[in-house]
Structures are given as C-alpha cells and as structure tokens.
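I opened this model to look at helix packing and charged side-chain pairs. My notes follow the order in which I looked things up.

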Amino acid sequence: MPISKIFVVRFFQLVKSRRFAEAERVLERIRLKTNETEWNSGYIHALDGVILAQKTNDSYAYSNNIDFENEKDMKKSRKEFLKEYKNKIHADYDRGFFAAWADYMRISIKALADTEASN
C-alpha cells in the first residue's frame with residue numbers, strides 16, 4: 001500500500017504544533033500500513049528526521065534553519081527538494097526522502113496561507 005497522504009498531512013500538522021507523542025503514533029501507523037519499498041523507506045526516514053530535528057531543536061538540522069513564517073523561504077526550499085526528487089540520478093530511496101521534504105514544505109506553505117487567511 002502506498003503512503004497515505006492523509007496520515008502524512010496529519011503527521012506534519014502534529015509536528016508543527018509540537019505534539020510529538022501523537023505525531024509518533026501517526027508515524028507508526030504510516031509504517032504499518034506502507035509497503036516496504038526503497039522509495040517508501042526513504043520517505044519514512046525523512047519523516048523520522050523531521051520529528052527528531054523538531055524534538056531536539058538541533059540548530060544544525062536543515063528544518064530548524066527554515067523560516068516557517070516566510071512563504072518565499074519555504075517555496076525556495078520546496079523547489080530545491082523537488083529538483084532533487086525529480087533527478088533520475090538519485091536512487092529510489094533518495095527520491096522518497098526528497099519527496100517527503102517537498103511534501104513538508106508544501107503542507108507548511110498551505111498552513112501558513114490558511115493562518116494568514118484566518119487573521
């Protein structure tokens with residue numbers, strides 16, 4: 001079974017709101033319901049990295065150096081991730097990894113737009 005986009009969106013929402021225990025439960029559901037392919041392994045590995053970076057507040061982590069209040073910054077990062085995802089030179093594992101990061105940026109951009117629209 002492919003990775004559920006509904007679970008992924010929920011995972012990112014929980015991470016952004018720093019509800020890590022719930023995010024980890026959703027991540028476990030993603031693991032259990034996903035086929036073991038190289039692409040899926042890379043994608044899930046990126047999700048592990050996202051939650052770890054946010055939990056530890058690691059200043060060296062890429063995600064902690066992105067301004068999530070700056071749409072332009074997030075769009076630039078998403079564009080870079082999509083470029084790597086589409087690059088056929090990368091193995092499926094790497095392409096899955098970059099796809100997860102591109103999804104994280106896409107969902108973060110949408111969340112920022114939704115927040116600005118509600119204000």
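**Entry 1: helix packing.** I kept in mind that this is a predicted model. I started with helix α2 (residues 20–32) and helix α3 (residues 38–56). They pack at an angle of about 170°, and their axes lie 11 Å apart. Angles over 145 degrees count as roughly antiparallel, so α2 and α3 are roughly antiparallel to each other.

I then listed the contact residues. On α2 they are F20, A23, E24, L27, I30 and R31. On α3 they are I44, L47, D48, I51, Q54 and K55. I sorted the residues of this contact into 7 nonpolar, 1 polar and 4 charged.

Entry 2: I counted 9 salt bridges. One of them joins the side chains of K55 and E24, at 2.7 Å from N to O. This pair links distant parts of the chain, with K55 in α3 and E24 in α2, 31 residues apart. K55 is partly exposed at 40% relative accessible area, and E24 is partly exposed at 34%.

Entry 3: I moved on to helix α4 (residues 71–86). K75 and E71 form a salt bridge at 2.9 Å, N to O. They sit 4 residues apart, so about one helical turn separates them. E80 and K76 also form a salt bridge, at 3.8 Å. They too are 4 residues apart in α4, and therefore about one helical turn from each other. E80 is partly exposed at 39% relative accessible area, whereas K76 is exposed at 53%.

**Entry 4: a network.** Last, I noted that salt bridges with shared partners join K5, D103 and R106 into one network.

Notes: Residues are numbered from 1 along each chain as its sequence is written. This is a predicted model: local features need pLDDT of at least 70, side-chain atom pairs count only at pLDDT 80 or more; totals for chains, interfaces and linings use all residues. Side-chain values use heavy atoms; hydrogens and water are left out. Axes are lines fitted to C-alpha atoms, for helices over the stretch in contact, and angles run from 0 to 180 degrees between N-to-C directions. Helices (H or I, at least four residues) and strands (E, at least two) are DSSP runs, numbered from the N terminus. Angles under 35 degrees count as roughly parallel, over 145 as roughly antiparallel, 65 to 115 as roughly perpendicular and the rest as oblique. Contact means heavy atoms within 4.5 Å. Ala, Val, Leu, Ile, Met, Phe, Trp, Tyr, Cys and Pro count as nonpolar, Asp, Glu, Lys and Arg as charged, and the others, Gly among them, as polar. A salt bridge is a side-chain nitrogen of Lys or Arg within 4 Å of a carboxyl oxygen of Asp or Glu. Buried means under 20% relative accessible area, exposed over 50%, partly exposed in between (1.4 Å probe, protein chains only).
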